[in-house]
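This briefing goes through one protein model by topic. Please have the sequence and the structure open while reading.

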Amino acid sequence: MGKINPKGQLSGSIGRFVFVNIGDMTVVRGKPSRIKQTAATEKSANCFGNISHLDKLYRKSLLRHVPIITDKTYAYRHRTHFNRMAVRNTDPKITNTTVHWDLPKMMVGFEFNKNAEWQSICHFFPEFILDTTQRLSISIPELSLKRDFRPVAKSDRINLTFYVIAVDMNSLSYPSVQVFAEFTTEISSHMSSPATIWTTEPLPPDQMIFVIGICKINFTKPDKDNKSHTAASCYLWSK
């Protein structure tokens, strides 16, 4: 249905034509033809839909377990990375496409909050070592607020936390998320954090493992949005 706005411009659709207003100009476009789905494209679309649904369930569970601050765009960005983890079985003889979660490294580097990015705030590199007993060690150097973190206005204290997350994607069609280990240190303008090595118990087999780093920046006074802190959150390591 077409409508006339206060400027006298027509917008909407009439028949096969679509009217779009760009400033003072009205553009007429034809409606795209309906694309007929083949069996292969329909199977691919269904697979992507299933993966997107699992991503939504996983994100909800993750945010219940880990205090992550996200921006408004993180959901669709996370879905894109999550989709890359899935290795599809494309055998044409199989009606439904099966998925194996063999590429967890596709999540490494994903930033939950583009307004406060780990890579721009944290000027140090944690080291991750997985030994033969499947124990994961996280090593950080001595950390100083002014030297190893980007200065943030009205901030004099940082809480640095590493969450080791175990994820079972085959748990009754609902992703199981467990905080397997958690390590925290604090850095302030008056106190550095010594060089530290944290080590987990043996990691659970047959599960994806992620290390999510959260750099919580505490403000001395609430900011313009009345917030007392913000945080950078990022996938740092996976298995």
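The points below cover a sheet, the nonpolar cores, the aromatic pairs and the salt bridges. The model is predicted. Its largest nonpolar core has 31 residues, and a second, separate core has 25. The structure also holds 13 aromatic pairs and four salt bridges.

**Three-stranded sheet**

- Three strands form an open sheet in the order β7-β8-β11, and their pairing is antiparallel.
- The edges are β7 (127–130) and β11 (196–199), each of which pairs on one side only.
- On average, neighbouring strands of this sheet are turned by 20° against each other, direction ignored.
- Strand β8, residues 136–140, is joined to β11 by four bridges in the antiparallel sense.
- Ile 140 has Thr 196 in β11 as its bridge partner.

**Nonpolar cores**

- Within the largest core of 31 residues, the members that touch the most others are Trp 118, Ile 138, Phe 149, Phe 162 and Cys 215.
- Two or more residues of this core come from each of α3, β8, β9 (155–168), β10 (176–188), β12 (208–219) and β13 (229–238).
- Neighbours within four places in sequence aside, the contacts of Ile 138 include Glu 127, Phe 128, Thr 196, Ile 197 and Trp 198.
- Ile 138 is also in contact with Phe 162, Val 164, Phe 183 and Val 211.
- In soluble globular proteins, nonpolar side chains tend to be buried together.

**Aromatic residues**

- One aromatic cluster is formed by Trp 118, Phe 124, Phe 149, Phe 162, Phe 183 and Trp 198.
- Among the 13 aromatic pairs is that of Tyr 74 and Phe 112, with ring centres 6.2 Å apart and planes at 40°.
- This pair counts as tilted, because its angle falls neither under 30 degrees (stacked) nor over 60 (edge-to-face).
- The pair links distant parts of the chain, 38 residues apart: Tyr 74 belongs to helix α2 (residues 74–85), and Phe 112 to the loop between β6 (98–101) and α3 (118–121).
- Tyr 74 has a relative accessibility of 9% and so counts as buried.
- Phe 112, at 1% relative accessibility, counts as buried too.

**Salt bridges**

- Side chains of opposite charge can pair when their charged atoms come close.
- Arg 59 and Asp 55 form one of the four salt bridges, and their closest N and O atoms are 2.9 Å apart.
- Both Arg 59 and Asp 55 lie in helix α1 (residues 39–65), where four residues, about one turn of the helix, separate them.
- Arg 59 counts as buried at 12% relative accessibility, and Asp 55 counts as buried at 0%.
- Lys 114 and Glu 117 meet through their side chains in another salt bridge, at 2.8 Å from N to O.
- Here Lys 114 is partly exposed, with 46% relative accessible area, whereas Glu 117 counts as buried at 15%.
- Asp 148 forms a salt bridge with Arg 147, and the closest N and O atoms are 2.9 Å apart.
- The relative accessibility of Asp 148 is 8%, so this residue counts as buried.

Methods: Residues numbered from 1 in each chain as written. Predicted model: local features only at pLDDT ≥ 70, side-chain atom pairs only at ≥ 80, totals over all residues. Heavy atoms only, no water. Pairing = 2+ DSSP bridges. Axes fitted to C-alpha atoms, helices over the stretch in contact; angles between N-to-C directions. Phe/Tyr/Trp six-rings, centres within 6.5 Å; stacked < 30°, edge-to-face > 60°. Buried < 20%, exposed > 50% of the residue type's maximum accessible area, 1.4 Å probe, protein only. Core = buried A, V, L, I, M, F, W, Y, C linked by side-chain atoms within 4.5 Å. Contact = heavy atoms within 4.5 Å.
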